[in-house]
Amino acid sequence: MGALRRKLSRAGLSGLLVTHLPDVCYLCGFTGSSAALAVTRRAARLFTDGRYAIQANEEVKAARVQIGSSSPAVAAVQWLAAQPGVETAGYDPTRTTVAELANWRAALPARLRRSFLSALPAPFVELLRCVKDQDELALMAEAAHLGCRLFDHILKFIRPGIPELEVAAELEHRARLLGAEGMSFETIVASGARSALPHGRATEQPLPRRGFLTLDFGIILKGYCSDMTRTVFLGKPKPGERHAYQSVLEAQQAAVAAVTAGISCGEVDEAARSVLRRQRLAEAFTHSTGHGVGLEIHELPRVGAGQATRLAAGMVITIEPGIYLPGRYGVRIEDMVTVTRNGGEVLTHSPKALIEL
Ligand code: ZN
Ligand code: ZN
């Protein structure tokens with residue numbers, strides 16, 4: 001909250017309305033699904049409804065809790081407007097619908113309707129969130145480690161003939177048994193020609209006797225997301241398939257090696273992309289190299305072509321180049337990497353040499 005208030009002062013804002021739930025959780029610890037946080041230079045107040053009275057009092061730190069029956073955001077806006085010395089309150093336009101903004105304005109006294117709420121030019125809290133502190137880094141390392149244990153487990157389970165859905169179900173069941181609160185996104189199990197779909201959700205298709213199998217999954221542990229991808233081979237790969245895998249692996253390792261505080265996200269992306277370009281596979285690499293990860297599965301920074309944002313120590317990003325050859329196969333390898341002052345620390349330590357099952 002201290003860092004946020006310094007940012008508020010610098011931006012010349014006397015108040016802030018926070019409605020994006022991961023931002024609310026980050027600032028005051030509340031994990032319920034209905035909340036708004038109002039912050040001034042002196043005070044902070046969390047608004048939620050009666051269902052969360054007990055939970056809010058248990059979880060919330062650094063803010064007073066106010067339970068109400070109206071919309072938490074409307075209550076937060078009205079509270080902000082009633083605080084002495086608060087002339088304007090910033091809100092995040094990327095997390096606000098047109099209808100919400102109209103509602104908030106309508107709840108204000110007539111003289112404040114036009115000018116009180118002010119759209120923030122940049123995502124305020126999300127920018128704070130992308131640099132993790134020591135406690136967060138420890139949790140993220142733990143989440144990543146749980147992901148690796150799941151990968152070890154699923155390797156023993158995989159065999160030709162079982163449906164992709166069963167692989168996903170086994171992974172998710174085991175995740176809960178190991179303590180995960182849930183999955184951080186829909187588990188991707190894409191086998192054979194389906195591995196050419198970057199987001200191939202598990203289907204009833206049985207695993208083939210031979211072909212690639214891409215597993216992209218993540219868990220949530222104490223609020224923090226993990227994210228990793230491994231592509232394995234069922235049966236014996238042909239030289240072309242082996243070469244494709246090696247090319248992605250080389251690209252992935254080049255990007256991981258490029259990670260360090262101060263480098264731009266675009267340069268990290270280029271480290272992966274240039275390897276695939278040399279292999280004439282650049283056109284098969286159809287997405288960005290990675291993304292920030294934390295309380296949300298996708299957060300800042302974006303690690304893509306031309307991105308000028310510079311990495312800072314404490315950021316956690318993914319490095320996940322892939323190639324996709326429609327109708328044939330696809331390969332992706334993804335690690336979570338913590339940015340340090342002089343390099344990157346890989347959190348997902350599962351092996352990356354091609355595994356043949
Ligand atoms: Zn992933
Ligand atoms: Zn990812």
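Helix α7 passes helix α8 in a right-handed crossing, a term used when the near helix is turned clockwise from the far one by less than a right angle. This is a predicted model, in which local features need pLDDT of at least 70, side-chain atom pairs count only at pLDDT 80 or more, and totals for chains, interfaces and linings use all residues. Residues are numbered from 1 along each chain as its sequence is written, and side-chain values use heavy atoms, without hydrogens and water.

The axes of α7 (residues 134-157) and α8 (residues 164-177) come within 10 Å and cross at roughly 140°. The two helices are therefore oblique to each other, since angles under 35 degrees count as roughly parallel, over 145 as roughly antiparallel, 65 to 115 as roughly perpendicular and the rest as oblique. On the α7 side, contact (heavy atoms within 4.5 Å) is made by Leu 150, His 153, Ile 154 and Phe 157. The partners on α8 are Glu 166, Val 167, Glu 170, Leu 171, Arg 174 and Ala 175.

With 12% relative accessibility, Ser 34 counts as buried, that is, under 20% relative accessible area with a 1.4 Å probe and protein chains only. Leaving aside residues up to four places away in sequence, Ser 34 touches several residues, including Phe 47, Asp 49 and Pro 72.

Ala 271, in helix α10 (residues 265-278), is likewise buried, at 16% relative accessibility. Beyond residues up to four places away in sequence, Ala 271 touches Ala 254, Ala 255 and Ala 258.

Methods
Chains lettered and ligands numbered in written order. Axes fitted to C-alpha atoms, helices over the stretch in contact; angles between N-to-C directions. Helix = DSSP H or I, 4+ residues; strand = E, 2+ residues; numbered from the N terminus. Buried < 20%, exposed > 50% of the residue type's maximum accessible area, 1.4 Å probe, protein only.
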